[in-house]
Amino acid sequence: MNPTVERLAVAAYTVPTAGGPESDGTLEWESTTMVVVEAAAGGAQGIGYSYAHAAAGALIEDALAPAVVGGDALSPAAASARMRQRTRNLGQPGLASCAVSAVDVALWDLKAKLLGLPLVDLLGAVRESVPVYGSGGFTSESAGELEAQLGGWAAEGIRRVKMKVGRRPEEDPERVAAARRAVGPEVELMVDANGAFSPAQALALAERFAEHGVTWFEEPVSSDDAAGLAWLCRRAPPGMEIAAGEYAWRLDDFRQLLAADAVDVLQADATRCGGVTGFLAAAALGEAHHRPLSAHCAPALHVALGCACAPLRHLEWFADHVRIERAFFDGAPEPIAGEVRPDRSRPGLGLELRREEVERYRAGRRSSRRAGARPEE
């Protein structure tokens, strides 16, 4: 008889930004919250997480744990289906999907540990390592900071870098030119507007960015505007790809982008789209539409997934999440010559939470739910 999930433990941790407020094209922030889930069964403990509001922790405790605790610990996809059903009336996109994602990752990590396997081998590796692209270049950074960060990644052997645009569009062409000077002619330069522009604005700027060899324009308009993205895909300068998908919460969100021919490259984020289960489904859907896949943020979580998904091109080495994951986890990956690889000497994701070190960041409550416990206990 397979082991059953005995309990879930949930904690939220809020980490201030490294040097004051940060911003992209449409948002400003002073901290990042990580919601961490631990699932226990058969003497093993799996870990999962999402970058979300701390309220996701309460949703996990109250709505999702009853659908998971007591279930087969070797069947995370079945638990995922039950969790999706539980969130039907809660509004599945957004916070609920982040909560489902964190639990799903913990269950896959638990399964791999129960079987004594690295997660990449449980899923089936198609490659040994995954290329990364350095991601930062916030609109809150000075020109000097932008050049130092992107140029530093290039010097470390990372052959792709991405910067934010859209906060002050009139300054963006010169910022992109400065970035190109910092990384040199051989490094791929990418920009991300986080949905800041109208289609016409985005096209005008795409033509300016193309003068500096930009090959990737991420979310030039909102991901909700599939028609606008498709319009840009047809008109973007030669050699410039349009990318989106980080805000796809459900499989249907990916399907709609693909059906509209709204992306040249599909993005997926396992901390938002349903964890390992959702990421694998998105990868299969993208492959069926002949679209390459790029993993969004949370690099420590995506290394194993990237090595197991044939259409994956690269994963995002996002500055904020790299800093947090290095501080939070033993086993957080580090790139070598611009690529990361899973540690096959460790089971599961290969991550262990540094409990004492991260305690000072903890926000809200931490609790456990026992098998058979009522939600109000």
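The questions and answers below concern pockets and aromatic rings in a predicted model.

Visitor: Which residues lie nearest the centre of the largest pocket?

Guide: The largest pocket holds about 880 Å³ of space, and its lining is made up of 38 residues. Strand 3 (28-29), strand 4 (31-41) and helix 9 (251-259) are among the elements that give two or more residues to that lining. Nearest the centre of the largest pocket are Leu27, Glu246, Tyr247, Arg272 and His296.

Visitor: Which element gives the largest share of the lining of the second largest pocket?

Guide: The second largest pocket, with about 380 Å³ of space, is lined by 19 residues, and Ala319 is one of those closest to its centre. At least two lining residues come from helix 5 (143-155), and at least two from helix 12. The largest share, 5 residues, is supplied by helix 12.

Visitor: Why is the pair of Phe209 and Phe217 edge-to-face?

Guide: A pair of aromatic rings is described by the distance of the centres and the angle of the planes. For Phe209 and Phe217, both of which are buried, the ring centres are 5.6 Å apart.

Visitor: Is Tyr51 buried or exposed?

Guide: Tyr51 forms an edge-to-face pair with Tyr49, at 5.8 Å centre to centre and 85° between the planes, and both residues belong to one aromatic cluster that also includes Phe328 and Tyr361. Since buried means under 20% relative accessible area, the 10% relative accessibility of Tyr51 makes this residue buried.

Key. Residues are numbered from 1 along each chain as its sequence is written. This is a predicted model: local features need pLDDT of at least 70, side-chain atom pairs count only at pLDDT 80 or more; totals for chains, interfaces and linings use all residues. Side-chain values use heavy atoms; hydrogens and water are left out. On a 1 Å grid over the protein atoms alone, a cavity is a set of points where a 1.4 Å probe fits but cannot get out, and a pocket is an open set with protein on both sides within 12 Å along at least five of seven lines; lining residues have an atom within 4 Å of a point. Grid points are joined across faces, edges and corners, and a volume is the space filled by probe spheres set on the points. Helices (H or I, at least four residues) and strands (E, at least two) are DSSP runs, numbered from the N terminus. Rings of Phe, Tyr and Trp (its six-membered ring) pair if their centres lie within 6.5 Å; planes under 30 degrees apart count as stacked, over 60 as edge-to-face and the rest as tilted. Buried means under 20% relative accessible area, exposed over 50%, partly exposed in between (1.4 Å probe, protein chains only).
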